[in-house]
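Colleague: Before I use the labels attached to this model, I would like to hear what each one rests on. Please set the values against the cut-offs.

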Amino acid sequence: MGEHPSPGPAVAACAEAERIEELEPEAEERLPAAPEDHWKVLFEKCDPGSTGYISTGKFRSLLESHSSKLDPHKKEVLLALADSHADGQICYQDFVNLMSNKRSNSFRQAILQGNRRLSSKALLEEKGLSLSQRLIRHVAYETLPREIDRKWYYDSYTCCPPPWFMITVTLLEVALFLYNGVLLDQFVLQVTHPRYLKNSLVYHPQLRAQAWRYVTYIFMHAGVEHLGLNVVLQLLVGVPLEMVHGATRIGLVYVAGVVAGSLAVSVADMTAPVVGSSGGVYALVSAHLANIVMNWSGMKCQFKLLRMAVALICMSMEFGRAVWLRFHPSAYPPCPHPSFVAHLGGVAVGITLGVVVLRNYEQRLQDQSLWWIFVTMYTIFVLFAVFWNIFAYTLLDLKLPPPP
C-alpha cells in the first residue's frame with residue numbers, strides 16, 4: 001500500500017499520544033474473546049487513514065494494555081517484531097496472523113524476527129521440566145528441524161485436541177483383527193485361511209465397484225506379524241507427527257497413501273486383493289525419513305542415523321514379507337494372495353505430498369507452489385486409476401479370479 005505524507009515529528013507525536021489516550025479505554029472495553037476480527041477492528045481504529053500500517057509506539061501500547069489476555073510467549077515475539085521495524089511502522093496483518101495462529105509466511109516472519117528477543121538457550125538445556133513437558137520437548141526434537149519452531153511448538157502445545165486420529169485408527173485395526181481372528185480361529189498368517197477374503201472390508205478385484213473397499217482394506221491384516229509392525233510404526237511415527245502437524249494434515253497424508261495404495265494395486269497388480277494399512281503407514285514413515293534427510297543438520301533427534309537404518313530395515317523386511325506372500329502358493333486359488341504394490345503407492349505419496357506437509361510447519365499449504373504441483377499429480381493419478389478400473393479390465397479381456 002502507498003505511504004501517506006505525515007506532519008512534522010513533534011506534531012505527529014502529540015497527535016499520536018492524544019489518539020492513544022482516546023482509543024485505549026474503548027479498545028479495552030471492546031476486546032472480545034474471538035481474536036481475529038476484533039483485533040483487526042482495533043487496528044483499523046488506530047489506522048483511520050487506512051494505510052495498512054500503524055506506528056510501533058501505538059502497537060506497543062496495544063500490547064501492554066491487553067497483556068493480560070496474551071500468551072507471554074506471543075507477547076515477547078510481538079514486542080520484538082515491533083522493535084525490528086526501523087521505519088516506525090508495522091503491518092497489523094502480521095499481528096492478526098500471529099494471534100489467530102494462521103499458517104502463513106507472515107507468521108514465519110514474525111517468529112523469526114521475534115527470535116531476537118527470545119531466550120537463546122536451547123530447549124535441551126531447560127531444567128526442572130515435568131514429565132509431560134519432557135515428552136513435548138522430545139516430540140519437538142523428533143519432528144522439527146528449526147530451533148525456533150521447536151520453541152514455538154513447546155510453548156504453544158496444549159494437547160487439545162489430543163492425537164486422536166492415529167490412536168483411533170490403530171485401535172480399530174487391532175479390534176477388527178482380533179474379531180476376525182476369533183471368527184477364523186487363526187491369528188498367524190490369517191490371510192491363508194480359505195474364508196479370509198469373504199470379509200466385506202477386503203479389496204478384491206472382482207468387487208472393485210464397491211468403492212469403500214479402497215479404504216476399508218486397512219482394517220484387515222495378513223496376520224499378527226503384519227499388524228504388529230504397522231501398529232508400532234503408526235504409534236511411534238504417526239502420533240508424534242500428529243501432535244505437531246495436527247490430525248487434519250497427518251490424516252490427509254495417511255488417507256492419501258491408503259487410497260493411492262489400493263489404486264496402484266488395481267492398475268499394476270490387477271488380479272490381486274489388498275489388505276493392511278501399509279499404504280498409509282509407509283506414506284507417513286517415508287515423509288518423516290525424507291524430511292530428516294533433507295534437514296539433516298537441523299534435526300537434533302538422538303541416534304538419527306542408527307534409527308533411520310533400523311526403520312529402513314524394518315520397512316524392507318515387511319516389504320519383503322509382502323512380496324514373498326504375494327507369490328506364495330495361494331490358499332484360495334485361482335485368486336493370489338494380497339499384493340505388495342500398496343506399499344509402493346504409500347511411499348510415492350510420502351515423498352511428495354507428505355514431505356511438503358512436514359516441511360511447512362505453521363505455514364499455509366495453499367501458499368506453497370510444490371503443494372499444488374503434487375496435489376495436481378495425485379489428482380491426475382486418481383482420475384487415471386478410476387478410468388482404468390472402469391475400462392481397462394474389459395479392454396484387456398483380463399481373466400479375474402471369481403468373487404470370494
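Colleague: Why is Glu318 called buried?

Modeller: Buried means under 20% relative accessible area, exposed over 50%, and partly exposed in between (1.4 Å probe, protein chains only). Glu318 has a relative accessible area of 3%, so Glu318 is buried. The model is predicted: local features need pLDDT of at least 70 and side-chain atom pairs 80 or more, while totals for chains, interfaces and linings use all residues. Residues are numbered from 1 along each chain as its sequence is written, and side-chain values use heavy atoms, without hydrogens and water.

Colleague: What makes Glu318 and Arg321 a salt bridge?

Modeller: The term needs a side-chain nitrogen of Lys or Arg within 4 Å of a carboxyl oxygen of Asp or Glu. The closest N and O atoms of Glu318 and Arg321 are 2.9 Å apart, so the pair qualifies. Side chains of opposite charge can pair when their charged atoms come close. The two residues sit 3 residues apart in helix H14, which means a separation of about one helical turn. Arg321 has 17% relative accessibility and therefore counts as buried.

Colleague: How many salt bridges does the whole structure hold?

Modeller: The search finds 3. One of them joins the side chains of Arg307 and Glu142 at 2.3 Å, N to O. That pair links distant parts of the chain, with Arg307 in helix H14 (residues 304-327) and Glu142 in helix H7 (residues 131-143), 165 residues apart. A helix here is a DSSP run of H or I of at least four residues, a strand a run of E of at least two, both numbered from the N terminus.

Colleague: Are Arg307 and Glu142 buried or partly exposed?

Modeller: Arg307 is at 36%, so Arg307 counts as partly exposed. Glu142 is at 11%, so Glu142 counts as buried.

Colleague: What does the salt bridge between Arg326 and Asp269 tie together?

Modeller: The two side chains meet at 2.9 Å, N to O. Arg326 lies in helix H14 and Asp269 in the loop between helix H12 (247-268) and H13, so the bridge ties together parts 57 residues apart in sequence. Arg326 has a relative accessible area of 12% and is therefore buried. Asp269, with 11%, is buried as well.

Colleague: Why is Ser278 called buried, and which residues is Ser278 in contact with?

Modeller: Ser278 has 1% relative accessibility, so Ser278 counts as buried. Ser278 is placed in helix H13 (residues 278-294). Contact means heavy atoms within 4.5 Å. Beyond its neighbours within four places in sequence, Ser278 touches His226, Asn230, Glu318 and His343. Glu318 is also the salt-bridge partner of Arg321.

Colleague: What is known about the make-up of the "transmembrane region" spans?

Modeller: The unreviewed UniProt entry places them at residues 250-268, 274-293, 305-327, 339-358 and 370-396. In the model, residues 274-293 are 80% helix and 0% strand, and their end C-alpha atoms lie 30 Å apart. Residues 370-396 are 96% helix and 0% strand, with the end C-alpha atoms 36 Å apart.

Colleague: What makes Ile390 part of a nonpolar patch?

Modeller: A patch takes residues with over 30% relative accessible area and no salt bridge, joining nonpolar side chains (Val, Leu, Ile, Met, Phe, Trp, Tyr) within 5 Å and like charges within 9 Å. Ile390 has 48%, so Ile390 is partly exposed and passes the area cut-off. Ile390 belongs to helix H16 (residues 369-395). The patch comprises Leu383, Val386, Phe387, Ile390, Phe391 and Leu395, with about 620 Å² of accessible area together. Areas come from the Shrake-Rupley method with a 1.4 Å probe; for residues, only the protein chains shown count as cover.

Colleague: Is Met377 buried or partly exposed?

Modeller: Met377, also in helix H16, is at 47% and therefore counts as partly exposed.

Colleague: How many helices and strands are there, and how much of the protein is buried?

Modeller: The protein has 16 helices and 2 strands. Of its 404 residues, 50% count as buried.

Key:
UniProt positions renumbered as here; feature names shortened; annotations may be inferred.
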